[in-house]
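Dear colleague,

I am passing on the structure below, together with some notes on what was found in it. Please read the notes with the structure open beside them.

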Amino acid sequence: MTHRFPIKEVARQAGLGTATVDRVINDRAHVSPQTRARVHAALRELEAQEHQLSARGRRMFVDVVVEAPQRFSRQVQAACEAVLPQLSEAVFRPRFLLQELMQDADMAAALKRIRKRGSAGVILKARDVPQVRQMVDMLEAAGIPVVTLVTDIPTSRRSAYAGVDNAKAGQVAAYLLAHMLPVSAGTVLTTRSQDAFQGEAARYAHFKQAFLKLRPGYRLVEFTGGAGLAGGTRRQLGEMLRGVTDIDAVYSMGGGNRAILDVLRAERRAPKHYIAHDLDAENRGLLRDGQISFVLHHDLRLDMQHAFRALASRHGFASPVEKALLSDVQILTPYNLPGER
């Protein structure tokens, strides 16, 4: 009997032992007609499932590469694993590389290894710097599509961007703060984790433009650094604030919010209003306790669905998709936290 399935797989499908299946497949004696029929039926079932799998898509190993604090990369992995059973275009098998800090050369080296090893695609959260742009272009040239996640690398040849509309997020933050602040003049602290994350840069640029148009009497104090990690944020922010007297509000684009609040309280400059991004465990607790005013959130599960669909499209298993697959901005308060009543 010719077949292309491992004996163990046929045995699992038939509900029989591997030795029994081996006797049927090799047409040996001492096997009942019912058992032979069951093995033949199992082979037909496996063939049907294989056809269904072919119609649905192929098994595709995909690399998910993320530079972010653990609190966020855990969210990315959880969102990825949550959407995989729902995807119909292909059977995706993700391989995760999640690191809190990656120097430009380290990120480029990781992408180079993926190119050498081979992959059906890369879902990438990385800085928009020349070394990374070059590797994204090389991956695409090698037939390995790249989808940027949450923060884009727009001048690269990446296949698509999946994530929040960062320009809109900055404008929403500007609108909220402009209508919360009671006086016509004051100081707003803006914080970003890194200079080179394009998503945070877009949030800041559009926040600044919209906020100063609505509140021209305010001053913006910009802090960039710390990578969203507590230690670096506390140290660098504390040094930067030495010449700053009052802080009326904070717009935090890159995380590390508990550390930011600790520094401001230690300096006796606790803000009246605080807007943060992303509903990780830290921000959920701070919002619930009233230490921050709003969280600007977006649906990471939707972002991951968009990312996988873009990869499937590049391989011809799905219809073409837009270059920018945007999720909308959600304004969260203690009263509408997802998963809580």
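In strand 6, Gly186, Val188, Thr190 and Arg192 point one way and Thr187, Leu189 and Thr191 point the other way, and all of them are buried, where buried means under 20% relative accessible area, exposed over 50% and partly exposed in between, with a 1.4 Å probe and protein chains only. Seven of the seven residues of this strand, 186-192, are buried, so strand 6 is largely enclosed by the rest of the structure. Helices (H or I, at least four residues) and strands (E, at least two) are DSSP runs numbered from the N terminus.

Please keep in mind that this is a predicted model, in which local features need pLDDT of at least 70 and side-chain atom pairs count only at pLDDT 80 or more, while totals for chains, interfaces and linings use all residues. Residues are numbered from 1 along each chain as its sequence is written, and side-chain values use heavy atoms, with hydrogens and water left out.

Strand 6 is joined by seven bridges to strand 7 (residues 218-224), and the two run parallel; Thr187 has Arg219 as its bridge partner there, and Arg192 has Thr224. Four bridges join strand 6 to strand 8 (residues 249-252), also parallel, with Thr190 standing opposite Tyr251. Two strands are taken to pair if DSSP finds at least two bridges between them.

These strands belong to an open sheet of six, in the order 7-6-8-9-10-12, with mixed pairing. Strand 7 and strand 12 (330-332) stand at the edges with a single partner strand each, so one side of each is left without a neighbour in the sheet.

Finally, Gly316 lies in the loop between helix 12 and strand 11 (324-327) and is exposed, with a relative accessible area of 59%. Its C-alpha atom is separated by 9.6 Å from that of Glu89, although Gly316 and Glu89 are 227 residues apart along the chain.

With best wishes
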